[in-house]
Structures are given as structure tokens and as C-alpha cells.
Amino acid sequence: MRKLKVEFLQACAGPDDLPDRRVPEVALAGRSNVGKSSLLNALSVERKPARTSGRPGCTQTLNIFSVDGGRFHLVDLPGYGYARAPRKVRHRWTEWVERYLMYRVELRGIILLVDARHPGMASDVDLSRFLMELGRPYIVALTKSDKLSKSKLRSSVDRAQDLGPVLPVSALKGTGLGELLRWVDQAVAV
Ligand SMILES: Nc1nc2c(ncn2[C@@H]2O[C@H](COP(=O)(O)OP(=O)(O)OP(=O)(O)O)[C@@H](O)[C@H]2O)c(=O)[nH]1
Ligand SMILES: [Mg+2]
């Protein structure tokens, strides 16, 4: 698999921080701790451009990474479903991220990350419906697939079909990453 040359570009704490560069973007969306930053690192030639953590809510800003010298941007969105942030802050995250997903002109596709062990969680179902209604291209990456046996993973993939087009991945083992990159390449080429 040809990996990406990923460089951290900037952290955005609000909509006014978003770059005005007309570079196509692909966003990583999902619950806190689902593995967004780990997946970004696994797609990258460099070892760890994105910070990861076992503690939910680690990524609190929208973090933009430049890929292959500006061919496109990968956008690591703040995770949702993080209960420990004050309610007001949580609300602001969702509203801002929702507006980004709705109106961002540069956005060409969304990778919706869902934990392979819990494919039916309400917040993931909600986001998948939202993306479906928006009509934006998206793919459901079932993360941490290495944690499931083959048969459990098969039933998880079946259940996740309701959310959209499904691809099982593992940042740890590298499963599905080549196919995910092909999807990303196609999304940014449009
Ligand atoms: N086994 C396994 N563990 C993983 C995988 N991907 C991520 N993890 C673990 O899951 C935890 C959370 O990963 P992160 O990449 O920080 O998750 P995140 O979605 O960026 O979290 P926030 O930034 O808090 O929203 C870490 O302990 C990772 O090591 C995977 O494919 N397999
Ligand atoms: Mg993160």
C-alpha cells in the first residue's frame, strides 16, 4: 500500500480558523476514542502526525493535516459522545461540526468511524442519517476490527449495513487501509 505523506497543518478552535485554500478535504468523524487519530496515523508514512490517547476526548479541536504536499487535506474532527466535557462546550462542538459538514465547500467526503464491536449506537446512527440527508459521499469504516473474531466481525458488518457503505479496518493490523485510500483518492479527485 502506498501510504500518504501527512503533515499537521493547523488546529481550528472555531469556524473562523478554517483555512481558505480551496484544497479538497476528507473528514474523519466518529465518537471519541473510536480511533480517528490512530487511523490517520496508520495511513501516514510518518509514524505519528496525529496525537492519540486512551482517554476519550483527546482531540478537542478540528485538526487539519496536509497530504502529499497539499494534494488534499485530512480533517480530524473532534469526537462526539464525550460525556466529561461541560454540556455547553459539547453543544458548541456539535453545532460547529454539523455546520462544517453541511456547508464546507472544500469537503469532498467523510469517513464515518464506527467501533466494530458496537455498530448500532444511537449517536452513530444519527450521524449516518445526517450524512445521508446531506447527500455527501461517505464511507463507514468499522474500526478496531482486529478485536473481533472472523464470525463476530461478519455479523458486525451485516448490522452496520444500515449506516451506509461499510469497510472493516484496523489501524493496528493495517486491514482495509488500501481500500480506504482508494476511496479517499476517488473522493478528492472529483
Ligand atoms: N486494537 C486496536 N486499537 C485501536 C485501533 N485504533 C485505535 N485504537 C486504540 O483506541 C484508542 C483511541 O484511539 P484514538 O485514535 O486516540 O481515538 P480518537 O477517535 O482520535 O479519539 P478522540 O481524539 O478522543 O476523539 C487508543 O488507545 C488506540 O490505541 C485499532 O485499529 N485496533
Ligand atoms: Mg483523536
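Mentor: Exposure terms come first: a residue is buried under 20% relative accessible area, exposed over 50%, and partly exposed in between, with a 1.4 Å probe and protein chains only as cover. The model is predicted, so local features need pLDDT of at least 70 and side-chain atom pairs pLDDT 80 or more, while totals for chains, interfaces and linings use all residues. Residues count from 1 along each chain as written, chains are lettered from A and ligands numbered from 1 in written order, and side-chain values use heavy atoms, without hydrogens or water.

A salt bridge here is a side-chain nitrogen of Lys or Arg within 4 Å of a carboxyl oxygen of Asp or Glu. There are eight by this rule.

Start with Arg71 and Asp185. Their closest N and O atoms are 3.0 Å apart. Arg71 lies in the loop between strand 3 and strand 4 (72-76), and Asp185 in helix 5, so the pair ties together parts 114 residues apart in sequence. Helices (H or I, at least four residues) and strands (E, at least two) are DSSP runs numbered from the N terminus. Both partners are partly exposed: Arg71 has 33% relative accessibility, Asp185 23%. The pair belongs to a network of salt bridges that also links Arg2 and Asp68.

Next, Glu7. It bridges to Lys5, with the closest N and O atoms 3.9 Å apart. Glu7 is partly exposed at 39%, and Lys5 likewise counts as partly exposed at 41%.

Thr175 is partly exposed at 39%. Leaving out residues up to four places away in sequence, Thr175 touches Ser145, Pro168, Val169 and Ser170; contact means heavy atoms within 4.5 Å.

Last, Glu106 and Arg104. Their side chains form a salt bridge at 3.3 Å, N to O. Glu106 and Arg104 are both buried.
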